[in-house]
Amino acid sequence: MIKRISAAYAIFLGSDLIISWFIIGMVLREHLTWHEWGQILAINLVIALIEMVGAVRILHVRELKITAMTRKVQGMLRNEEPAHILLKKTDEYYALTMAINQLQTHQQKLLRAKAQQGEELKLLLSYLPIGVMVIDNYRKVELANPAMAELLQTPISSHRHPFVQDIQQFELVALINKVFEDKTTRRQVITLPGMPTEKRVEATVVYTSTSEDFFQILVLLYDITEISTVEQMQMDFLTNASHELKTPVTAINGFAETLLAGAKNDPATLDQFLNIIQQESQQLSELVQDILSLSRIESQSVTQHDLTSVNLADLVDDQLAVLQQLAGVKQVTLHNEVPADSQVTTDQKKMVEVLKNLLSNAIKYNQDAGQVVVTFEQSATSWQLHVKDSGIGISQEDQSRIFQRFYRADDSRTKQVVSGTGLGLAIVAELVAAMNGQISVKSQRGVGSTFTIEMPNNGSK
């Protein structure tokens, strides 16, 4: 009997509950006693309980692994960096955890590359001189660089907001709205208000679409204020040069035709007309020379200086001597008050041209029996030369424009007609700027003018 129970027990140990109950039934057919059957049943229940506890433990371990993998995937979705899950190679989840670990490594590489690209784009946009703004299909600003804020002269929030909060210029708003309506890229030159001066910008509004339901508007503003100014200056220069050239050429041509028509037979008329032709020819020659001077200045680099040590007092004396005859016509007294030991380092040729133009103007626009005084000042970093006259003076309106090419004060205001090309002070301004200096003027009508050039020391003594 004991052997049978042992055999049943051995069979029960390797069987699940249903098979065990089947074996018990087979044993019962051999007419076991109820006591014997009860012993076998108790042993079976104990073993079943042990198996249940083991199964629960296995399920718990599996649940912990699945929970760990779930948390890791959720952390990856939040762009976090959870630790890798490490299992034995014999574990049933080993292949799955290795795949998740490799996916996390790949994701981190992509995120780092994306962050680097984002930083590079941010750096590029921050230094890009072109204003850039990205507007989404809800007409809200997603991105704008500092150049855009500077052109619009308003701070731009980094949070999404309606673009009309930043752009209030009517033409630009209308241009953007047109692109939203017809979904076509447009370009237009627009004037933006600003301080101290308005800006001329070329506005390009680009329509970009990544899907049927999503699109963006890219607004690019390129500042063309300087280009427009240069173009206008070129047009004005051509217009003024043509006018200035036309006047003496027309006079020369007219008087020559009159002489050829018979006026040459009258000696008095002949002399008079030849004098006029000679004066107009001289005016024409001076104009051409001044235009060539401006051309030479503009074609040279600002670093092309022939710096030498110059005694400024001697340089002024030389120019006053050349202009003494012109001063004698109007009885203008010339005074050189530059100290004899004023030694400076400068470009002598350019400085001679500057002095010649300033001193000749001081004489031409002076009162009869007036004075011209040249003085000098020096500091640790710069030196200044002042050319002061007791002439007719310059109005406040004219003072802001006298350094423009071909600009001359209105005769009705100056009460004096002075011959000239209108390029002298423009040449002076160009030369002084080429030597990294500055020129300014202080003047009062009926009292006189003082022109001041300030130059860096450049090793002056």
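This is a predicted model: local features need pLDDT of at least 70, side-chain atom pairs count only at pLDDT 80 or more; totals for chains, interfaces and linings use all residues.

Me: Where does Gln-331 sit?
Reply: Gln-331 is in the loop between α10 (324-329) and β8 (333-336). Its phi is near 60°, a positive value in a residue other than glycine.

Me: What about Arg-139, what is its phi?
Reply: Arg-139 has a positive phi of about 65°, although it is not a glycine. Arg-139 is placed in the loop between β1 (131-136) and β2 (140-144). With a relative accessible area of 34%, Arg-139 is partly exposed.

Me: Let's zoom out. How many helices and strands are there?
Reply: The protein has 14 helices and 13 strands.

Me: And how much of the protein is buried?
Reply: Of the 461 residues, 35% are buried. The protein exposes about 28,500 Å², and carbon and sulfur atoms supply 57% of that area.

Me: What share of the contacts join residues at least 24 apart?
Reply: That share is 59%, counted among contacts between residues at least 6 apart in sequence.

Me: Which aromatic residues form a cluster?
Reply: One aromatic cluster is formed by Phe-163, Phe-180, Tyr-207 and Phe-215. The structure holds 4 aromatic pairs. One of them is Phe-163 with Phe-180, which is stacked, at 6.4 Å centre to centre and 15° between the planes.

Me: Where are those two in the chain?
Reply: Phe-163 is in the loop between β3 (161-162) and α6 (170-182), while Phe-180 is in helix α6. They are 17 residues apart, and the pair links distant parts of the chain. Phe-163 is buried at a relative accessible area of 3%, and Phe-180 is buried too, at 6%.

Me: How do Phe-180 and Phe-215 pair up?
Reply: Phe-180 and Phe-215 form an edge-to-face pair, 5.9 Å centre to centre with 65° between the planes. Phe-180 lies in helix α6 and Phe-215 in strand β6 (residues 215-223), so this pair ties together parts that are 35 residues apart in sequence. Phe-215 is buried, with a relative accessible area of 12%.

Me: New topic: salt bridges. How many does the structure hold?
Reply: The structure holds 7 salt bridges. As background, side chains of opposite charge can pair when their charged atoms come close.

Me: Which residue does Asp-182 pair with?
Reply: Asp-182 forms a salt bridge with Arg-186, and the closest N and O atoms are 2.4 Å apart. Asp-182 is partly exposed at 32% relative accessibility, and Arg-186 is partly exposed at 31%.

Me: Are Asp-347 and Lys-350 buried or exposed?
Reply: Both Asp-347 and Lys-350 are buried. They form a salt bridge as well, with the closest N and O atoms 3.0 Å apart.

Me: How far apart in helix α11 are Glu-353 and Lys-356?
Reply: Glu-353 and Lys-356 are 3 residues apart in helix α11 (residues 348-364), so about one helical turn separates them. These two form a salt bridge, with the closest N and O atoms 3.6 Å apart. Glu-353 is partly exposed at a relative accessible area of 22%, and Lys-356 is partly exposed at 37%.

Me: Over to helix α14. How many of its residues are buried?
Reply: In helix α14 (residues 424-434), 8 of the 11 residues are buried, so the helix is largely enclosed by the rest of the structure. Among them are Leu-425, Ile-427 and Val-432. Just after α14, Asn-436 takes a positive phi of about 65°.

Me: What about the surface? Which residues make a nonpolar patch?
Reply: Leu-49, Met-52, Val-53 and Val-56 make a nonpolar surface patch of about 400 Å². Val-53 is found in helix α3 (residues 34-77) and is exposed, with a relative accessible area of 53%.

Me: Last one: what does the side chain of Thr-225 make a polar contact with?
Reply: The side chain of Thr-225 makes a polar contact with the side chain of Asp-223, at 2.6 Å. Thr-225 is found in helix α7 (residues 225-260) and counts as buried at 17% relative accessibility. Leaving aside neighbours within four places in sequence, Thr-225 is in contact with Glu-198, Lys-199 and Arg-200.

How values were computed: Residues are numbered from 1 along each chain as its sequence is written. Side-chain values use heavy atoms; hydrogens and water are left out. Patches are made of residues with over 30% relative accessible area and no salt bridge: like charges are joined within 9 Å, nonpolar side chains (Val, Leu, Ile, Met, Phe, Trp, Tyr) within 5 Å. Accessible areas come from the Shrake-Rupley method with a 1.4 Å probe; for residues, only the protein chains shown count as cover. A salt bridge is a side-chain nitrogen of Lys or Arg within 4 Å of a carboxyl oxygen of Asp or Glu. Helices (H or I, at least four residues) and strands (E, at least two) are DSSP runs, numbered from the N terminus. Buried means under 20% relative accessible area, exposed over 50%, partly exposed in between (1.4 Å probe, protein chains only). A polar contact is a pair of N or O atoms within 3.5 Å; within protein, one must be able to donate a hydrogen and the other to accept it, and residues adjacent in sequence count only if both atoms are side-chain atoms. Contact means heavy atoms within 4.5 Å. Rings of Phe, Tyr and Trp (its six-membered ring) pair if their centres lie within 6.5 Å; planes under 30 degrees apart count as stacked, over 60 as edge-to-face and the rest as tilted.
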